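Subject: Structure handover

Hello,

Here is the structure for you to open alongside this note. My findings follow below it.

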Protein chains: 2
Amino acid sequence: MSEQDTAPRTATLSRRRAITLAGVGVAGVAGVAAGTAALVRSPDHAAANDTAAGGVPFHGAHQAGIVTPAQDRLHFVAFDVITMDRAKLVALLQEWTAAAARMTAGKDAGVIGAVGGMPEAPPDDTGEALGLPPSQLTLTIGFGPTLFRDAQGRDRFGIADKRPAALADLPHFAGDALRPEISGGDLCVQACANDPQVAVHAIRNLARIGMGVVSVRWSQLGFGRTSSTSRDQATPRNLFGFKDGTANLKAEDAGLLREQLWAQPGDGPDWMTGGSYLVTRKIRMQVETWDRSSLAEQEQIVGRTKGSGAPLGRRDEFDEPDFAAKGDDGQPVIAETSHVRLAHPTLNNGARLLRRGYNFVDGSDGLGRLDAGLFFIAYQRDPRKQFVPIQTQLSRHDAMNEYLRHVSSGIFACPPGVRDAADHWGRALFG
Amino acid sequence: MSEQDTAPRTATLSRRRAITLAGVGVAGVAGVAAGTAALVRSPDHAAANDTAAGGVPFHGAHQAGIVTPAQDRLHFVAFDVITMDRAKLVALLQEWTAAAARMTAGKDAGVIGAVGGMPEAPPDDTGEALGLPPSQLTLTIGFGPTLFRDAQGRDRFGIADKRPAALADLPHFAGDALRPEISGGDLCVQACANDPQVAVHAIRNLARIGMGVVSVRWSQLGFGRTSSTSRDQATPRNLFGFKDGTANLKAEDAGLLREQLWAQPGDGPDWMTGGSYLVTRKIRMQVETWDRSSLAEQEQIVGRTKGSGAPLGRRDEFDEPDFAAKGDDGQPVIAETSHVRLAHPTLNNGARLLRRGYNFVDGSDGLGRLDAGLFFIAYQRDPRKQFVPIQTQLSRHDAMNEYLRHVSSGIFACPPGVRDAADHWGRALFG
């Protein structure tokens, strides 16, 4: 607009300086120092620390956001790739990687204020996270089966032969009520942070950068983590009011993580070694019906006490469940159809998952009820040996199913970490 | 269930004790002391303090949640009353008041563990906030026009003659694209807290308590406050990336609050004196389109700089806008169609609002875009003199309208505060 024609035309200009100058340019005020301070998201040296507002290192052998202590908030997005041009897709993955490294360090999404220095250019950061600290933001990418071969059977990007066998389409489970439009996706990004505005900002800017190459297929906000991924974290509660994820895989279990979480050499294609497979399920919970069931029934369904989270018949949350114990009436103390029994490794060939799901409420359902539930997220070494058999058990026998409805499903191959500034998301896959 | 028949039958039992005993009863463990500590939400003496985790007093001359420094998260709900029985409605308002007083103090929703001491009874608190502090939770109730006379013209509860003239149905505004199913409502409750799980827990328990008397009409989560209501708070940013609510009414402006916020004696029916009128608008923001517009254009539309939030041509966020200033080209520095100009009190007969809206992202819209925007919340003394004329101006001339779509609307009369434990929501209205 013509009123802005005194704005700076410097070719390369940091985001925050560009914003301030543009505003001041109108007024013709010479000094800008006073206005800049508020625009710094966080000084670089403060980026990596373990406070709730601090930063999580982006580079490493594994992607952050998997064993990282689960942050409080989630914005998860699945994208469709809308180009057939492999080079464009790879260029986007490079751009995204650079933006992700910046944003997880608490910086804005890009370094250039106005592209080519023209004030007519759109800003390169949307601005709503200016002034906010890194807030432990992690961004974790995954590749869906359709990236390798789409629904029409096309190998759009020449990577069909690189698809890992473990990235198999999930089977239909008993009771599934999946909505295709909020399931699947060619790519996914999981943004976790302790401030939802920071997580939303990150996803929105990735979507903005991806314009013309990707399109948002579905997205989900979560507000309360339902699992701990570190022994330092207290076990949170899901919307049934129960502690969830007590027996979760945790960052400290190095041996188990090798065995159950990270793809190992020889498991499949080399590009996935050090990566992990992600399964997402949006599970609507019929909380109003649940709230009308008795405490005794709720505890029998879960197999744990509501208060302490101890397995029924035991005293402490972290006590091992005693599945052999019988009550005075000769019945198992932990029912055969209880969730804790059916999901337990002893009933599933030792299979375990690293869960880091979130509670959600998406308003109401038009029938007088909250549209609420659990956005389930689980990482694992091979879904064919872990999520699939466990969910097969649960979908057939879990007494909790009466209160659940799976409405969305996704599976993604999450590659290993970005090693350094020369590396980028998808380099080994497309290289 | 039969396994639980050793659970306690004590007639009155505090929530946390009931939960623990029920679990322990199965195992026949005698001591319960070890398990109880984790279930205390917060000791009473810690309930009222001004940390983010602390409590906000529930009783007072005005309802909390209006001038209370805006908390970070929102769960807003509108209910339809589904009974014609006035006594049932009043009894619910009494029950709700007691539960609200408890929950805002960081306690569970009700004092009785198992109603009548039967383990077959549903729990009286849903449990997902066990262990969480008050988190500055406030619960604010409002009465919609349809409570006084419904869509069929019926005076269901004998209060039609008590309807304030200021609680007038909002007119149609230019560009309105309202969805009736997520607009209006007989009753509303605004839950604000610094922990979304605490806000969701509160609304869910009010809905649970109201079963058979009210039904959830619509509900909305918000994750980032977009206004400050106290001079101690920094101005946050909306999803256009701009600071919002700089010129908001604030708790410290005692004279202005009397003049602009609280219903005064003689304004209308006595039962509303000390209350305030609430207007809600769910405003979808076309963020993808916005993100493609230039920084200069964005700033002209808003009338402020994106960086500091200063009015165009001025230096500091809190500088008064200079609407008379012209640029070198002879055009106004702050455009005639800018949001800041059209919403400013000088153009609206001095009218101001106390805003405390929240950003929202409700997933995606199925067209490749985020379903994102602002859930606008404004309190005022008389919407006929405040929101209505301001929104009439904005809806006709605001350059920002190109990026906005109003999809939900509500107006509610929020009575004065609950004075003490003998008082309850709606007492003066129904008394």
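**Salt bridges and burial**

A:Asp365 counts as partly exposed, at 22% relative accessibility. On this scale, buried means under 20% relative accessible area, exposed means over 50%, and partly exposed lies in between (1.4 Å probe, protein chains only). Salt bridges that share partners join A:Asp150, A:Arg154, A:Arg156 and A:Asp186 into one network. A salt bridge here is a side-chain nitrogen of Lys or Arg within 4 Å of a carboxyl oxygen of Asp or Glu.

Some ground rules. This is a predicted model, in which local features need pLDDT of at least 70 and side-chain atom pairs count only at pLDDT 80 or more, while totals for chains, interfaces and linings use all residues. Residues are numbered from 1 along each chain as its sequence is written, chains are lettered from A and ligands numbered from 1 in the order in which they are written, and side-chain values use heavy atoms, with hydrogens and water left out.

Back to A:Asp365. Which residue does it meet in a salt bridge? The partner is A:Arg284, at 3.0 Å from N to O. The pair links distant parts of the chain, 81 residues apart: A:Arg284 is in strand β6 of chain A, and A:Asp365 is in the loop between β8 (358-364) and β9 of chain A. Helices (H or I, at least four residues) and strands (E, at least two) are DSSP runs, numbered from the N terminus. A:Arg284 is buried, at 12% relative accessibility.

Over all chains the count comes to 44 salt bridges. Two further examples:

- A:Arg102 pairs with A:Asp108, with the closest N and O atoms 2.7 Å apart. A:Arg102 is partly exposed at 21%, whereas A:Asp108 is buried at 8%.
- A:Arg179 pairs with A:Glu181, with the closest N and O atoms 2.9 Å apart. A:Arg179 is partly exposed at 41%, and A:Glu181 is partly exposed at 42%.

**Helix α10 of chain A**

This helix spans residues 387-397. Its buried residues are A:Phe387, A:Val388, A:Ile390, A:Gln391, A:Leu394 and A:Ser395. They cover an arc of only 160° around the axis, which puts them on the same side of α10(A). The arc is that of the directions from the helix axis to the C-beta atoms. What covers these residues includes β6 (276-285), α9 (339-342), β9 (370-380) and β10 (404-414) of chain A. Contact means heavy atoms within 4.5 Å.

**Cysteines**

How many disulfides does the structure hold? Zero, over all chains. The cut-off is a pair of cysteine sulfur atoms within 2.5 Å. The sulfur of A:Cys192 is 11 Å from the closest cysteine sulfur, in A:Cys188, too far for a bond. A:Cys192 is buried, at 0% relative accessibility. In chain B, the sulfur of B:Cys188 has its closest cysteine sulfur in B:Cys414, 5.2 Å away and too far for a bond. B:Cys188 is buried, also at 0%.

**Confidence**

The model scores ipTM 0.87 and pTM 0.89. Chain A averages a pLDDT of 87, and 86% of the residues score at least 70. pLDDT is the predictor's confidence in each residue, from 0 to 100. Over residues 1-48 of chain A the pLDDT is below 50, and this stretch has 108 contacts in the model beyond near neighbours in sequence. Residues 112-117 of chain A also stay under 50.

Regards
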